[in-house]
Structure formats: structure tokens, C-alpha cells
Amino acid sequence: MVLQTSSSSPSPKAGSMAFRKAVKGTLIGGGAVATAFGLSQFFEYRKNQPKWARLAYVEAQGELKVPFKDALPTREEQLSTLRNTEEFDVLVVGGGATGSGCALDAVARNLKTALVERSDFSSGTSSRSTKLIHGGVRYLQKAIMKLDYEQYMMVKEALHERANLLNIAPHLSAPLPIMLPVYKWWQLPYYWAGIKMYDLVAGSQCLKSSYVLSKSKALELFPMLKKDKLVGAIVYYDGQHNDARMNLAIALTAARHGAAIANYTEVVHLLKKPDPKTGQEKVCGAHCRDIITGKEFDVRAKCVINATGPFTDSLRKMDNQKTANICQPSAGVHIVIPGYYSPDNMGLLDPATSDGRVIFFLPWEKMTIAGTTDTPTEVTAHPIPVEDDINFILSEVRNYLSPDVEVRRGDVLAAWSGIRPLVTDPNSKDTQSICRNHIVNISDSGLITIAGGKWTTYRSMAEETLDAAIKAHNLSAGPSRTVGLMLDGGKDWTPTLYIRLVQDYGLENEVAQHLAATYGGRAFEVAKMAQVTGKRWPIVGKRLVSEFPYIESEVQYAVKEYACTAIDVISRRTRLGFLNVHAADEALPLIVEIMGKELQWTEQKKKEELEAAKKFLHLEMGYKARSEQLSKTTEISLTAPEIARYKKRFYKFDKESKGFITTVDVQQVLEKLSIQIDENALHEILNEVDLNKNGQVELDEFLQLMSAVQRGHISDSRLAILMKTAEEGLDLRGPVTVDRSGGGV
């Protein structure tokens, strides 16, 4: 049985007719009279909309019990609860946004709830999104052009959920203005009408009204924009969030309300028992394995919910090996480039790329994020960003930025790929037809599957899933109570909370703002754990790396938030790996050391964690691409004078004309200049350029490096900066800076 979304409404057929009538009246009639008539038809229909569609914010019904308001249960305590509970009402498999949302919806209805995730919370698609909370401007365009009522209702539902999410997690989300540049006069009224319709559909939940900008005003707000042929721009508002932290907040909120949740706990097989009435085999739980310890145990439940995203079919086949696949995975690649590519608080939308896709160009965490692509892929737990997709995004970005702004491949600080789990309706005659929304499927054995959908609508998807589960399994529960239910850290957050952190604890202003925006009201718990710096200012809060506001106590706090690996910390508790892989790589030894103390790791375990995290950065976060950019530059595209200049620089370090330099050679030159650099840091600097990993940088490797820098394939590496400044005799100006100047991948 399949229950296909979107929302339930009074009369779908009547609603569709009213929608078509409204749109026709607006688009075909022409002029103000026709527009007014069309909108009057639209508003007439709005009166009959479900209650949720007319409310901006709805408080959760009554006060919910919060058994773990202060301290969360440890992971070991959660596992003990999973093992020793006789039977749960609901077992959710999957700790992404949808699975965590299902667990929160269930526990908020006073159902005895469990959740298991075979990796970390938000380790998959939910941490690799475009970071937008949006209704979908392009979906609305399709709804209008094709008079598609279902698509319209999908946008309507998403806009409601956008408003709710911004309300329940104000520390992790905020409205973001997005500019749509216009380069043809006829497009201005066309896009304006579409964006205004977007505002209209949002109704009272419209974040801020959209507006039109002249060419001069658009360039004032977005000075990097290409001036040539620009006629103006339209600005509209959507929401933006820290997706991995938002996912974690949902899961932690479920845990605080009493759900037993455990990451790194995989389902080995489903448990079944015969139905006493029909004799048919019914799913009654799962046999699980704690990946960290290897211990196995049963978790019994009246209802099992499959919320495993791209891995939907894997669990469905555990239930019935003959079941047809419904997941059509699609890879979406994003890149992160330096913050100077975009204004601090203005995004950009490319509505029609060269191949018809939509590209967003957004400020995020003081960097700039660009994406996404949409290409068919195989399901994997470790998707790798493809160089062709990275270059496609860069090419599209170049089309919209001024020629004065050189968009360099070397400025890519991080890149990642996320797998979007598009789905087909298993009951549809056309099995290749992709559902535009999500589906809820109930198998013959009672396994509930929720698949498809989008980040923004995770809550409504969870509500619909639990409604179906309660009905199918005769569970005793009331209606959903998650609309307006504040997520972890959101209740005590205020826009000025960071000031108290500065005043009460002596934190740097930037660090305080980061803690407030990441942990909300729980930022004080992190601040209390912060170590004294020994400096006049800041008093507390030692940074993991100099360029980012992440501090050491966040690693300690991450363990309390169920972080089990170094990868959990660099990618999901902090976002360092998503922002700059070089910085994350530099911070790893310290992170592993802190986690080792908290989790009592052996030296061997620390080594394994360090290697695993470096592999993660290398493959999944785009570090590998930098090495490939160097190694692929087999031809050194330098002029004869340039080669002579760089050889001269190289031989200032290679005094013996060996044809290569080592850390000893560099150290000797630096000592003459009275420059002190940590030996481990020096090894890291040379290792970035040492392509054949033989512990030395050869002349051809150095020339390849300088050629790649000149061509913009990589940003100035630390070795290039170090050797240049040493050559220029900057010893009189103090120690040479070897921090990343952009540090591309």
C-alpha cells in the first residue's frame, strides 16, 4: 500500500480546478482586471485550505515531558535501553533528517520510541545539502506553466514547513535574501511575476517581500556581479541553515524527550513473527550490531519505520528479497570557495544554466557555497565529488561574475557529493516515473517506508509517516505535536546571547557568535568547558585552527553529543571539513588527542582514527582533487624567464644542487633567516607538493607547482609562499606566515 504525499486537502479535484481557474485568470486575461479576478479565485480557494496552511506558527499542544532536560544519556546508556526494553512502539531505522524527524514525532506522541543509525546522525545526504530551507521557486514555475495542482501544493506545504523550521531552530537558521540577476528586459516582468507568486503562496508566512533592483543598486549590493548587459535584478527571501547541526538538533531533541537513539548501530536483519489472526509473517523489530564494539542484540518493536534515504531498497529487500527497487539515486555536487566571492548576506540564483539546471551561489559560514549538480549515480555510503561536476559549477559561476573576478579552480576549499534519493511509486504502472514528492509505503509484513522528499519538509513527512504507522499497527497515540516544538538549543537563544558569552567567560567575539549560532542556549555548557588561554585576551577558548572560530572544548562537548569518531567532529559537530579541508587536516591531530582522552583510546586507535579522517578528507571532501590537479599538469606551461626565476628560487634551498629539497634544506635556510617553524608543520607543507610521496620535493615537482599556481589550478600553496618570502629576504619583517591564503583543493 502506498500513500503518496503531499498533504490532505478538502477536495483535490475541486482544489485543482480552482487553482487552474486562478492561474488562467491571472496569466491569460491580461491587465489588472484579469489579475484581480484570478487572485480572487485563488483567495476563495484559500479559505478552504487545511488549518496548517493558514497558520504562520503553531505552538505544540501543551507541555511535553522532557526527561533529559539537562544531561543526555550516554551512548552506552542508550544502547542498554535498546537492549533491555521488552518492546518499543516504534523503531526507526535511519538517523538522517527524516528518520530523526520520525523519532521526534513518535516520542512527542508519547510512543515508546527507538532509533538506530549505522553511521553517524546526518552522515549521509542530510549533511550534504545546499543548506537552504525553501519552498522551491522552480517547482512553483512548473506548477504555473503546467497548471499542476499537485506541484503547487508541494510548494505550499514546503513554505509552511520553512516558516516552522525557522521558528523552532532560530539559532541554526535565518532568512537569506537571494538575488536573481536579469540580463534581458523581457525577463524582468516574467521573473517578477513568478517571484511575487512565490510570496503570495507563502501568504502570512512570507519571510520578507521580494523587490526589484535597478542595475546600479544590484551592483552596489553584489559588486562581484557581471555588469555587461545587466538590466536589473529581483531579490526574494528563503531560509538557510546549518544542515548537519539541524539534523543533530532534531535527534537530540528526540533523545531529551525519551527516545532511545544510537548511532553506529546497524540492522543486521529484520525480526518477524506470525500474525496470530492471519498467520502471515509480520516485522516485529530488528537484530542490530553495535559497530564500535561488535556486540549484537535484538530491538523489538510493534512497528518498524524504514527512513534510510538512498539505502531504502536495502532494508526493503531485507523484508522481501523479491521487492522491486524504488530508489533512483542522483548525485549533487557542491563546492566551497572563499567568502570574498559573494557578499556576506546575499545569495545568487542562476535560474537556467547551460544544461537547464539551477545553480545557487550562497554565503555560508563566512565562505561561499555553490551547487548543485544532478546526475544519476550508484548508491554508496562514501560518494566522491567528480572533477567534471566541480568544473561545471565553476564555469557557471564565471558566467555571472565580473571578468575582474578570476574564478580559479585552486580556490575550491572543499567539495562534496550528496546522494538525493529520488523515488518511483511501487504501485505505479510506469515504474520509471519519478515521484516529485515523497511516498509512504506499507509492505505486506507491515514495514513502513518513507522515501523521497526534501530537507525542508522532513517534519510533515514524519507526521504523515507516523499517521500511517499508527493506523496500520493500531498504536495508541494522538495527533502530531511537532509544529512549534522547539529544537535543542532553540528555546533559550536570543540574537544577543553571544554578548553574555563574551562578558561572562571572556571569549573572543567571533568565537562567542559561533557558539551561540551553533549550540543556541546550550552554548554556555561549551563555554564552561573551555580552557584558559594564558593570554590577556581571550581569557578562555583555544582555537583548533587560527582561521576558524572552533575551539577545543567543542570536541569534548561533541562526545556528549554522541560523536564517536574524528570524522564526526570535523564534518558534523563542527563543519570544518566542509569549509576547508586543509584547515581540517591541520586540526586533526589535536582533535584525535582530545577525543582519545575523552573516550580512552589506545595509541593504535588514535592512529586508526587519524588515518580514517585523512582518508575521508582526501576522498569525500575534495582533497584528492588538488593532488590530481598537480599531477595532471604534466606540461609545465612556464616561459623560459619564469623557469629561470623559479629555478633560482629552488636552488636557494637546494645548495648542493641535488635536484630536490627536503625538510632539512628548508630548515637550514629558515634558521639563517631566524625563522622558527615547527618540524611537523614543515613536513606537512612539503607533503602537500610531494606528489610521489618520497619525502622530498624535486625540481620538476616545484615547477609543476608554480605552473599550476600561475594557471589558477591551485591557490598559492604554503610552500610557494614560504620559498617566495624567504627569497625576497623578508626576515627583517618578522616570521614568515605560512597560513593558507585560500588553500584550495
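How many residues apart are Asp313 and Arg316 in helix 10? Asp313 and Arg316 lie three residues apart in helix 10 (residues 312-319), about one turn of the helix. Helices here are DSSP runs of H or I with at least four residues, strands are runs of E with at least two, and both are numbered from the N terminus. Asp313 forms a salt bridge with Arg316, and the closest N and O atoms are 3.5 Å apart. A salt bridge is a side-chain nitrogen of Lys or Arg within 4 Å of a carboxyl oxygen of Asp or Glu. Over the whole structure, 33 salt bridges are found.

The model is predicted: local features need pLDDT of at least 70, side-chain atom pairs count only at pLDDT 80 or more, and totals for chains, interfaces and linings use all residues. Residues are numbered from 1 along each chain as its sequence is written, and side-chain values use heavy atoms, with hydrogens and water left out.

**Helix packing**

The axes of helix 4 (residues 97-108) and helix 9 (residues 243-256) come within 8 Å and cross at roughly 25°. Axes are lines fitted to C-alpha atoms, for helices over the stretch in contact, and angles run from 0 to 180 degrees between N-to-C directions. Helix 4 is therefore roughly parallel to helix 9, a term for angles under 35 degrees. The contact (heavy atoms within 4.5 Å) includes Leu104 and Val107 of helix 4 and Ile250 and Ala254 of helix 9.

Helix 22 (residues 640-651) and helix 25 (residues 699-711) pack at about 125°, with axes 10 Å apart. In helix 22, residues including Tyr646 and Phe650 meet residues of helix 25, among them Phe702 and Met706.

**Backbone geometry**

| Cis bond | Omega | Loop holding the second residue |
|---|---|---|
| Gly371 to Thr372 | near 20° | between strand 15 (367-371) and strand 16 (375-376) |
| Trp537 to Pro538 | about -5° | between helix 15 (523-529) and helix 16 (552-560) |

Lys229, a residue other than glycine, has a positive phi near 70°. Lys229 is in the loop between helix 8 (215-221) and strand 7 (232-241).

Methods
Parallel < 35°, antiparallel > 145°, perpendicular 65-115°, else oblique.
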